[in-house]
Amino acid sequence: MSLFKSEGISIAGVACAVPKNNVPVDSFIPVFGEEVTSKFTAGTGIKATYKALPEQTASDLAVAAAQELFSHVSVDKSEIGAMFLVTQSPDYRRPSSASIVQLRLGLPIDCSCMEINLGCSGFVYGLQTAMAMMASSDYKYGLLLMGETATKLVDPQDKSIVMMYGDAGAAILLERKEGVKTTSLLRSDGSRFQAIVLPAGGFRDMNPGHERFMCSDGIERSLYDIFMDGTSVFSFSISDVPAAISDYLKITETTVSDYNAFLFHQANQFIIKQLIRKMKLPKDQVPLSLDRYGNTGGISIPLTLCDAYGNKSGGEIKALACGFGIGLSWGVTNLEINTDCIYPIVETDDFYKEGKFTPGNY
């Protein structure tokens, strides 16, 4: 069993950013009709999302979140020993977008930087990776960044997911603090990798044709569009995920009453309702953000945290967090954080103008 434990490392701040481009589900009525859009909202709970501007990338949103974080928390950047960027929407095939983010944030050369290619489980996996590296080092701070622009990878005629995905960025500052213990349970199942997949553009199939074909769900797509087997993903979400949470509670010898918040990946409202029912969770301790931000992948956990607690102060949160999705990959962890360290979500239209260039012509 993949169980990991970290001690003496806490979350010192959380900030999130979304593009300055709000897209209501109602705006798709001319495309799909009122009946389709109404059924979509009724089933998923999503009423609007935020879509990256054409020039914006995931790293732009991660940088905006980090800059917002640094505007609230005074940190000597020379003491940030590692930065991790979780994204499946990199600026380039090579190099890692973490290198560009290091430059833009002015992080020191002594700061190790790496990219983690994970989606909906990315927060839990990224948090554990960052904490593990901090535990084996002497640096004071670690920075976990996240960014996603999945809306750029969806067929605009795909009524199953084009209204679902939202874009966002997140920044989580980690610092050393005695008495804090974090336990993470991580799982993955590559036998189900085809459940959520974008086949084209990688090195397995770099330049296939753009012709469209009929998929098993009755929707036409090309190999350059995200495909999701909704039935398989739903079954996974209401079976494997609650099983992992139950295992986590048993292993950690905790119960639902030991937590005052439950932060789930914001897949859709029906899945979250099923998790609430199966785990017998108090509804008022399960915050939702997907109605206004959509499914933002792994960022949905910190985004929900900022949405629910960003304007509150003086309260201590003991949360159980669970991310699950593409891979298939899922994980459960615990968080302890004061609401004073959680900041409201900001909107941004910034992008890195120098990021688009011709190599050798600087």
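Which elements each supply at least two residues of the lining of the largest cavity? They are β1, β7 and β14. This is a predicted model, where local features need pLDDT of at least 70 and side-chain atom pairs pLDDT 80 or more, while totals for chains, interfaces and linings use all residues. Numbering runs from 1 along each chain as its sequence is written, and side-chain values use heavy atoms, leaving out hydrogens and water.

A cavity is a set of points on a 1 Å grid over the protein atoms alone where a 1.4 Å probe fits but cannot get out; a pocket is an open set with protein on both sides within 12 Å along at least five of seven lines, and lining residues have an atom within 4 Å of a point. Two cavities of 30 Å³ or more turn up here.

| Space | Volume | Lining |
|---|---|---|
| Largest cavity | about 40 Å³ | five nonpolar, three polar, one charged |
| Second largest cavity | about 30 Å³ | seven nonpolar, no polar, no charged |
| Second largest pocket | about 370 Å³ | five nonpolar, six polar, six charged |

The largest cavity has Met 131, Asn 334 and Glu 336 among its lining residues. Around the second largest cavity sit Ile 11, Val 14, Phe 123, Ile 172, Ile 301, Pro 302 and Leu 305, with α9 giving the largest share, three residues.

Now for the second largest pocket: 17 residues line it, and Lys 181, Thr 183, Thr 252, Thr 254 and Asn 334 are the closest to its centre. Elements that each supply at least two of its lining residues include β13 (316-325) and α6 (230-252).

Technical notes:
Points joined across faces, edges and corners; volume = space filled by probe spheres on them. Helix = DSSP H or I, 4+ residues; strand = E, 2+ residues; numbered from the N terminus. Nonpolar A, V, L, I, M, F, W, Y, C, P; charged D, E, K, R; others polar.
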